[in-house]
Amino acid sequence: MRTPGTPGEPTAPAPTRRCVLPPLLRYPTADELAARAAALVARRPHDTRLRRVGVSRAGTPLWLLSVGHGTRQALIVAGPHANEPVGGATVLRLAERVLADPRLTEDADATWNLLLCLDPDGLRRNEGWLSGPYSLGRYFRHFFRPGFREQPEWLPDGAGAAALPETRALLGLQDELKPFFQCSLHGVDVGGGFVELTRDLPGLPRRVAHAAARLGIPRELGSYDTLYWPGLGPAVYRIPPPRPRDLAAAITEAAVESTWYHPHRHGTVTAVVEAPMWGVAAVEDDSPPDDRDAVLRAVSRTLRHETLLLERLLARAAPHLPAAPDTARLLAPVHDYLLVCPGLADAWDPDAGDPAHPLPPLNTAHLAALRIAGRRIAVRTAGLLHQLVAGAGQDPAGALPELDALIDAWCADYQDGFGARWIPVARQVEYQTRVVLAAFELAARPAPAPARSGEPDWGTGATVPMHRE
């Protein structure tokens, strides 16, 4: 970190007086992340550095905390999705672990580069629920996640045309560091934990299973994100290489061009580590379902019905919403969610699916994940609409009572119908930390020979339409 006051350079946040950082029992805000990182640097100035690597659209600094002095670079990205704050707490935990264990720095000839939050503006919009108390109703009523084109990990127009300053900062960091290992920290609001890799790391599924069992975290054995992706072991999936497609397809397909694959040219392996907030035991049930088609028809029918309800509520409320930038920011994800719902309902319906993309064999975990996904899209949309109407200061269309009733009913279904249970923040963080450390250790081993195109487990068909979580 440069000396404060150097011309043209922002000063880092002032450190607190604490010498030892207390454990996080709740999600940190963007300001708390920066302050805690600064306190760590003040405590260990010879082993850590903090520098600004860019700014957000609102001018918020993007801070990079680096630990160690090795020649091999690891890049850990927290907060790529605004509503998934666990990664911020995880990078702080990782910094402490790395400082305490020379095997992770000196012995591995590694430097850990921890990007505290890729979307601090979006994280600020979630502050209504970040500090708790943690309930599904509170979470969804204060939920925010930007529209597809405003999510900084995606490259819908390619890296050369990246428009968001957050995206450009991350791309620049990847090309500067040329990391051998990159990890993107994500969170699942309801479901289980899983990992996605751009290259196989043999042994990782066993380590994920061990961490999950020790901490009581359900593993998602049939994530709908990865429905058609090659499996590398239970709850570990291989990300297919990106394929060119238009925006409408990119919103509904998972293997779009992204910052996950951008550093592939440098030999980087990327791991996307998902940690759940509310766990559901059924996502870990790999038994054969009793009646697959009946469940799929019910999920598709429910999603179509709830989409119509939400479209009608939006049509009633829209004429009374103020014409303001904030309205546009909240409407963008609403329109994205409503756009993908019909395609998802058809893709999951055994009577209406695309013959070119038949559903793969599904176990009970897959069906549970699809049911959760359909409910997730609906309740997120309702939560965003609730914020829009409440923020307008008036509700002549009478939409708020209906939105409140829908959110309450759908949250109750998560709890009663799915058995969703809250996982304490400290346990989410410990699980994600252990998975990251395991992936780092495996990635630090000598890399296998480069894979040839046309690998048999990837197939030649297009990636299946689904909403990228």
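Visitor: How much space lies in the second largest cavity?

Guide: In this predicted model, the second largest cavity holds about 60 Å³ of space. The structure has 5 cavities of 30 Å³ or more.

Visitor: What makes the space a cavity?

Guide: A 1.4 Å probe fits at its points but cannot get out, so the name cavity applies. Of the 13 residues lining the second largest cavity, Gly-79, Pro-85, Gly-88, Cys-117 and Leu-123 are the closest to its centre. By class, that lining has 8 nonpolar, 3 polar and 2 charged residues.

Visitor: Why is Thr-60 called buried?

Guide: Thr-60 has a relative accessible area of 13%. Buried means under 20%, so Thr-60 is buried. Thr-60 sits in the loop between strand E1 (48–55) and strand E2 (61–67).

Visitor: What makes the link between the side chains of Thr-60 and Asp-121 a polar contact?

Guide: The two side chains are joined at 3.1 Å. The cut-off for such N or O pairs is within 3.5 Å, so the pair counts as a polar contact. Thr-60 also touches Gly-54, Val-55, Pro-120 and Arg-124, leaving aside residues up to four places away in sequence.

Visitor: Which residues have the most contacts inside the largest nonpolar core?

Guide: They are Leu-65, Ile-76, Trp-112 and Phe-181, in a core of 120 residues. Helix H11 (residues 364–392) gives the most to this core, with 13 residues. Apart from this core lies another, of 13 residues, including Phe-148 and Tyr-237.

Visitor: What does Phe-181 touch?

Guide: Not counting residues up to four places away in sequence, Phe-181 touches several residues, among them Ile-76, Val-269 and Phe-440.

Note on methods. Residues numbered from 1 in each chain as written. Predicted model: local features only at pLDDT ≥ 70, side-chain atom pairs only at ≥ 80, totals over all residues. Heavy atoms only, no water. Helix = DSSP H or I, 4+ residues; strand = E, 2+ residues; numbered from the N terminus. Buried < 20%, exposed > 50% of the residue type's maximum accessible area, 1.4 Å probe, protein only. Polar contact = N/O pair within 3.5 Å; in protein donor to acceptor, adjacent residues only side chain to side chain. Contact = heavy atoms within 4.5 Å. 1 Å grid on protein atoms, 1.4 Å probe; cavity = no way out; pocket = protein on both sides within 12 Å on 5 of 7 lines; lining within 4 Å. Points joined across faces, edges and corners; volume = space filled by probe spheres on them. Nonpolar A, V, L, I, M, F, W, Y, C, P; charged D, E, K, R; others polar. Core = buried A, V, L, I, M, F, W, Y, C linked by side-chain atoms within 4.5 Å.
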